[in-house]
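Have the structure open and follow along.

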Amino acid sequence: VTVHNGTKLHFRGQRIREAFEQDLLQNQGLANASDLIVSGCSAGGLATFLHTDQWCESLHAAQPLAKCVGMPDSGFFLDYQDPEVRCTPDSSAPGLLTETINGDYHCGLWWTFHIQNASSGINQRCLARHTNEEWRCMFAEYAAEFIHSPVFALQSMYDSWQTDHVQGTGGAAKTKVLGKNITERLLKSLLAKNPRSGAFLDSCRHHCGSWNSISIDGDLVSTALQRSVDPGPPRAGATRRKPIKPSMLRVFYERGDLPVQIYHGSIGRLLWKVDVEKLDYHHYLPIFFDGLREKEDPFRFMAVTGAYDMLEKGGDRILPVVPQLVIPLKSALNTRDPQIMCTTMKLMQKLVLSGDLIGEALVPYYRQLLPVFCLFKGKNIPTKDMGDYMDYSQRKNLNLGDLISETLQILEEHGGEDAFINIKYMVPTYESAVLCGIAAQALHLYTTQDSGERWQVLGGADTGGVLVRSGRSLTSEQLAERLSCGALILELELVGDRLCYEKLTGHGPKKGWISTKLKDKKLAVLAKDAKTSQLGEGEGEVRIWALSDIHTDKAENMKWIEGLSPAEFRNDVLILAGDVANTFEALKHSVLLLRERFGRVFFCPGNHDLWMQGWKNGDSMDKLHAIVDFCKLHDVETSPGIVDTGRKRVLVVPLVSWHHPQWDTEPELLEWSNVPTAEKTVADYWATKWPRPLQIEDGSVARAMDEWNDKATGYAEALARKEEFDAVISFSHFVPRLELVPEKRYLIPACLSKAVGSSYLQDRVARLKPHVHVFGHTHFGYDMEIDGTRFLQAALATPQERAFGGSIVSLGTFPVIEASKPCKVWDSDQGWPSIYRSSWCEYYRRYGRQAHVTSIVPSVCCNFYSPTAASKSGWIAGRMPIWLFGPLQHRLYEAQMVLREVRDITGKDARDARGSIASTSPLSATGEPSFVSAGDAIRLHAEGEHVFVNIRSDAGTPGLVHVPESVVLPHPRATENLASLPDDELLLLCESLNARCGNMIVYGCRHDLKSAWDSAMLLAGYFRIWPTAMTVLDGGLEAWTERGGVLEPV
């Protein structure tokens, strides 16, 4: 209830929406829906941005595998207040409730938010981010980045309602700015944050009401939406040349709509009818880029030369157009025509070099542009005929593969810090040519010549920090900011309980006076005494947490660190097992953030921490010394230390290490060829630099790093005194035992086993015999006891790994399901935690380790190798896939992704009216199941090398008959919900399905071959095998019976 001008106003929008939602779910069949589009226009479009997640979450609670997408139409209203328009944020202004004032939209929506008390009905994640500015979450440009569900936005750059009611005064020039801002903010807040989202962003002036009346690159809204939600199956013939459709440039040229003509002199060139600098780049540059796929002159000549001229003179007008160039570039590359590809890559290079931020702007589109690079990188196709219309002053007689490598190198050099990892993900064989990555500022270590004591602030956790004054007197001026809890400060002067300081870390005034205590409460203590003050007086519970591989170069991971509670862990200890960041600056910032939040931090560096990226002061060994010196300066502990709670004493022992290939003693994948080597695959070989004669290959780096433990960390004393303590916890970044690494057949690629562990480290852990050893590096969740020591890995990993491989990354609920804190390894009140569930550990507890099996490799892994007569793609017979051993929440999430992908692939196959595969639609030889005749199926059944899967809807009904020894799996009821089965039931079913190393023959009814087809694709996804390994019985059970196949009752 809101009282406004003496009147009680009751706003019931949230309750109405929730009641409507419940009615649809309970009474109108929404709970059984397989697809839901949440949509609205104008204000309804804004509501779609605000409420899509709520609709989708309610649907997924009833149907976890259903598709749900938001489609807001003209709802992306900008937060703008014209400075020339008076703000009228209350209803006292005449007509405010009945009309809008152009340029007063910000104040109007701000007023709407507050008078309606709208905070409970909109995105709560957005509200949490914008504390004290919750009104922002009423605007789509702020709320969109927090939407988890896929959204396909329909929006005009020059929305007619916004030009009349939002942009204010300014005319056409202001309208152009409006279009630019809508484009940039839609890309930044929605498309850049949610890779499953898309947009139909046109440049026509309209507001709503333009469904299928506008096309972009020939696509109407309906087609674009369909492609976004249901992209369809992959095509066969990966490197086969594709048909080339006429480009928009051809259409515009033939209509005479291009401001250019061809000069037919001795040297062909273009004559522009207007200055190139005055062209509308948003309109013309995509047209010329679209012509890159033309092979006929004059269109080819005009496209290449016109694009080159515009890039040469475009300056800062090119960057905003980059998103519009992606589709033309992709279309040209996807022709698979080497001549067109070469021309396009040369233009891509010119594009990247045309502006400072263009290379970084292309990074989000690598997934669209680089798949073709991966297909052709090894092709030795000459490029000499690539074209003669550009000034190729540096042209070389390269082959296509070399030109691809050259283009990738330019993309990496100019793409920022995320470029390499994104290129590597799309083109696994790419090797970085840039050791230092992006340009970084010169190294700056904080040092001081003053010999004053260092103090740590303990007070102010509940008040935002301790009070700071400008002078020693308690009546002197109080400064506006407070000094944050956990801050480290340098003593400049101490008079009684008053301390004059200079801030070293933390937030608050750089200099000032604080009180070191208030009555009996300590507000600040000497840093050397801080551990005793926090952990030695037995005040409350003390917990020890483990964390590794936080990779805060990733913005999402840095936000995770920043989001840790500043008060919850003040009495606790953090074990940080390496791989904080690639650059020293990011490492320092991250470590200081953690030091502010935890009572104590123990740390040992990982491989990424010693990369040369941004490091200019020597080699990786010099960087190690700098990291340790920095840690000492800020009371981050890199040597053994005692956690004394007054009742318990725990010894924590960091162990410095490095990997070496000699550590791996398990058999190689000899049955496979072209298995990559560690030297050419693992970035550490080129991203680090070591003093001579140290080398990673011969193990001398690992030996030198191990000797550090004797020279600098005090390992010998810890080993001698370990019996004095109630518990001993050691930790390292690298892996101390082979049993803690998946067998070679499960690694991508197999040579990674030679770059994860150390025999020197294994020896130190064996001598120390800790109760728990924490490690990192591989990003796999682990909790396994070996020889009396419990080994744990709790890696934060990368955002991409958490999103698409959460079941194998997670240790219990960390870090995907419960991500608000690290993983607890010890508690002063409760001791050791119970065993955490992890996929790999559950898998090996069930099946044991069989490293000698090297001929059978899962499909997702063997794609990097070449098969031989002795090799086989699949799983060891009778085993359930690793990811299905994960927690239920992970299984359901990943199963939903599999189902969505299968629906995308199987939804568009050509089929005749009876539902069978049309004879005019030949199946792909690489990406789809094959059909087997009933006669061949009977023979294969007798040979006993295949599992027969009965997916008929009535499968399992007593009294009916089926193929002997069939596994019953009714489709879609059982296949689509397989991952939701109870653990024991799921295990037995999967082991039965995989009884023949993944060889399955799926059968159903003759009249419904599509169900068998879909089920085969779904099982391929669940078992992580290529669809080509799956077989469908043509004609179903009826054909089996007609050919005299044996039947048995269910």
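1. Start with Asp549, which sits in the loop between β16 (543-547) and α20 (555-562); helices (H or I, at least four residues) and strands (E, at least two) are DSSP runs, numbered from the N terminus. Asp549 has a phi near 50°, positive even though the residue is not a glycine. With a relative accessible area of 0%, Asp549 counts as buried (buried is under 20% relative accessible area, exposed over 50%, partly exposed in between, with a 1.4 Å probe and protein chains only). The loop between β16 and α20 also holds His551, another non-glycine with a positive phi, about 40°. His551 is buried too, at 7% relative accessible area. For context, most residues other than glycine have a negative phi, and most peptide bonds are trans.

2. A word on the ground rules. This is a predicted model, where local features need pLDDT of at least 70 and side-chain atom pairs count only at pLDDT 80 or more, while totals for chains, interfaces and linings use all residues. Residues are numbered from 1 along each chain as its sequence is written, and side-chain values use heavy atoms, with hydrogens and water left out.

3. How confident is the predictor? The average pLDDT (the predictor's confidence in each residue, from 0 to 100) is 84 for the chain, and 90% of the residues score at least 70. The pLDDT is below 50 over residues 531-539, a stretch with 24 contacts in the model beyond near neighbours in sequence (contact means heavy atoms within 4.5 Å). Residues 908-926 also stay under 50, and the model gives them 32 contacts beyond four places in sequence.

4. On overall make-up, the chain has 36 helices and 34 strands. Of its 1050 residues, 55% count as buried. Taking contacts between residues at least 6 apart in sequence, 73% join residues at least 24 apart.

5. Which residues have the most contacts inside the largest nonpolar core? They are Phe289, Leu370 and Leu993, in a core of 206 residues. A nonpolar core here is a set of buried Ala, Val, Leu, Ile, Met, Phe, Trp, Tyr and Cys residues joined through side-chain atoms within 4.5 Å. Leaving out residues up to four places away in sequence, Leu993 touches Val947, Val949, Val967, Leu969, Leu978, Met1000, Leu1019 and Phe1023. There is also a second, separate core of 30 residues, with Phe76, Phe146, Ile147 and Ala153 among them.

6. Two cis peptide bonds deserve a look. One joins Asp297 and Pro298, with omega about 10°; Pro298 is in the loop between α10 (281-290) and α11. Another joins Ile748 and Pro749, with omega about -10°, and Pro749 falls in the loop between β21 (727-731) and α27 (759-768).

7. Now the pair α11 (residues 299-314) and α13 (residues 338-352): they pack at about 10°, with their axes 10 Å apart. Axes are lines fitted to C-alpha atoms, for helices over the stretch in contact, and angles run from 0 to 180 degrees between N-to-C directions. The two helices are therefore roughly parallel (under 35 degrees; over 145 is roughly antiparallel, 65 to 115 roughly perpendicular and the rest oblique). On the α11 side Arg300, Val304, Ala307, Tyr308, Leu311 and Glu312 take part, meeting Gln339, Thr343, Leu347, Lys350 and Leu351 of α13.

8. In helix α30 (residues 839-847), the buried residues are Ser839, Trp840, Cys841, Tyr843, Tyr844 and Tyr847. They pack against β23 (782-786), α29 (806-809) and α34 (983-993). Just after α30 comes Gly848, with a positive phi of about 75°.

9. Last, Arg196, in the loop between α7 (171-191) and β6 (198-202). Arg196 counts as partly exposed, at 38% relative accessibility. Setting aside neighbours within four places in sequence, Arg196 contacts His148, Ser149, Pro150 and Arg900.
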